[in-house]
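User: I have a model open and would like to learn how to read its features one at a time. Where should I begin?

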Amino acid sequence: MVLRARPGCDEDERTVVRRLSRARKAPQDAVIRARMIELSWSGLRVPAIAVELGCSQKTVRCWLHRFNRSGLQVLDDLGGQGRKRRITEEERSRIISVVKSVPPGWLRWETVGELWAFDESGPSEWTLDSLTAAARATGIEVGRSQVRRILLAEGVRWRRTRSWTRSKDPDFVPKGHGSSTSTPTRSSARR
């Protein structure tokens with residue numbers, strides 16, 4: 001039995017297929033599928049269409065059957081292909097909110113002048129391991145590398161920048177001038 005694409009239901013469907021088969025800025029897969037249908041309408045059989053488009057006969061048959069069953073909507077790729085996300089957007093937001101919160105081992109000054117932390121055994125700053133543990137404690141099954149990917153994708157910093165020149169300690173004395181000027185400075189003039 002000879003397989004052919006069914007005739008267009010109306011003039012609009014035929015116009016869409018013709019326009020898409022000649023499109024330059026449409027997705028290439030959709031253009032090839034529309035070309036298969038148009039070549040079938042022009043009278044070519046499956047082997048000739050496969051040679052013309054450089055694909056297998058099985059592919060041509062598959063797309064002609066789909067078009068005969070469902071019409072124009074089969075020209076686009078089917079959505080939902082591939083693996084589904086394991087973590088929802090809400091869980092991703094919760095992981096990001098953990099980064100923005102204060103770590104449980106972060107030291108704070110009491111009113112009497114002593115340091116204390118909510119959980120002295122907890123991390124004093126967020127690391128990927130501590131963020132993963134905190135996410136798992138809230139019920140999100142996530143790995144360390146996935147936490148890193150989420151934070152990098154969202155542009156969130158989880159490391160605290162180190163300030164080696166400043167201290168909040170009132171007894172801290174900053175360094176004085178440099179040690180010596182025994183080496184001459186470089187002149188900035190051009191040679």
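## Reading the model, feature by feature

Analyst: Begin with a cysteine: cysteine 62 has a relative accessible area of 33%, so this residue is partly exposed. Keep in mind that this is a predicted model.

User: Is cysteine 55 buried, exposed or partly exposed?

Analyst: Cysteine 55 has a relative accessible area of 25%, and is therefore partly exposed.

User: How many disulfides does a search of the whole structure find?

Analyst: The general idea comes first. A disulfide is a covalent bond between the sulfur atoms of two cysteines. In this case, the search over the whole structure finds zero.

User: What does the secondary structure of the chain come to?

Analyst: The chain has seven helices and two strands. Read from the N terminus, the order is α-α-α-α-α-β-β-α-α. Of its 191 residues, 28% count as buried. Among the contacts with a separation of 6 or more, 48% are between residues 24 or more positions apart.

User: Which residues in H5 are buried?

Analyst: The buried residues of H5 are Glu91, Arg92, Ile95, Ile96, Val98 and Val99. They cover an arc of only 150 degrees around the axis, so they lie on the same side of H5.

User: What do the buried residues of H5 pack against?

Analyst: They pack against two helices, H6 (128-137) and H7 (144-154).

User: Are the two partners, glutamate 154 and arginine 92, buried or partly exposed?

Analyst: One of each. Arginine 92 has a relative accessible area of 16% and is buried, because the cut-off for buried is under 20%. Glutamate 154, with a relative accessible area of 44%, is partly exposed.

User: How many salt bridges does the count come to?

Analyst: The count comes to 10 salt bridges. To read one, look at the distance and then at where the partners sit in the chain. Take arginine 14 and glutamate 11, whose side chains meet in a salt bridge at 3.1 Å, N to O. Both lie in helix H1 (residues 11-21), three residues apart, which is about one turn of the helix. Arginine 14 counts as partly exposed at 24% relative accessibility, and glutamate 11 counts as partly exposed at 46%.

User: Where do the partners glutamate 52 and arginine 35 lie?

Analyst: The salt bridge between glutamate 52 and arginine 35 has its closest N and O atoms 3.9 Å apart. Glutamate 52 is in helix H3 (residues 46-53) and arginine 35 in helix H2 (residues 28-41), so the pair ties together parts 17 residues apart in sequence. Arginine 35 counts as partly exposed, at 28% relative accessibility.

User: Which residues are linked in a network of salt bridges?

Analyst: The network links Arg22, Arg35, Glu38 and Glu52.

User: How should I read the largest nonpolar core, and which residues have the most contacts inside it?

Analyst: Look at its membership, then at the elements that supply it. The largest nonpolar core has 18 residues, and Ile37, Val60 and Leu64 have the most contacts inside it. At least two residues come from each of H1, H2, H3 and helix H4 (57-70). H2 gives the most, with five residues.

User: Which residues does isoleucine 37 touch?

Analyst: Leaving out residues up to four places away in sequence, isoleucine 37 touches Ala5, Val17, Leu64, Phe67 and Leu75. There is also a second, separate core of 17 residues, which includes Val98, Ala134, Ile140 and Val156.

User: Last, a loop residue. Where is proline 27 found?

Analyst: Proline 27 is in the loop between H1 and H2. At 56% relative accessibility, proline 27 counts as exposed.

How values were computed. Residues numbered from 1 in each chain as written. Predicted model: local features only at pLDDT ≥ 70, side-chain atom pairs only at ≥ 80, totals over all residues. Heavy atoms only, no water. Buried < 20%, exposed > 50% of the residue type's maximum accessible area, 1.4 Å probe, protein only. Helix = DSSP H or I, 4+ residues; strand = E, 2+ residues; numbered from the N terminus. Arc of directions from axis to C-beta. Contact = heavy atoms within 4.5 Å. Disulfide = S-S within 2.5 Å. Salt bridge = Lys/Arg side-chain N within 4 Å of Asp/Glu carboxyl O. Core = buried A, V, L, I, M, F, W, Y, C linked by side-chain atoms within 4.5 Å.
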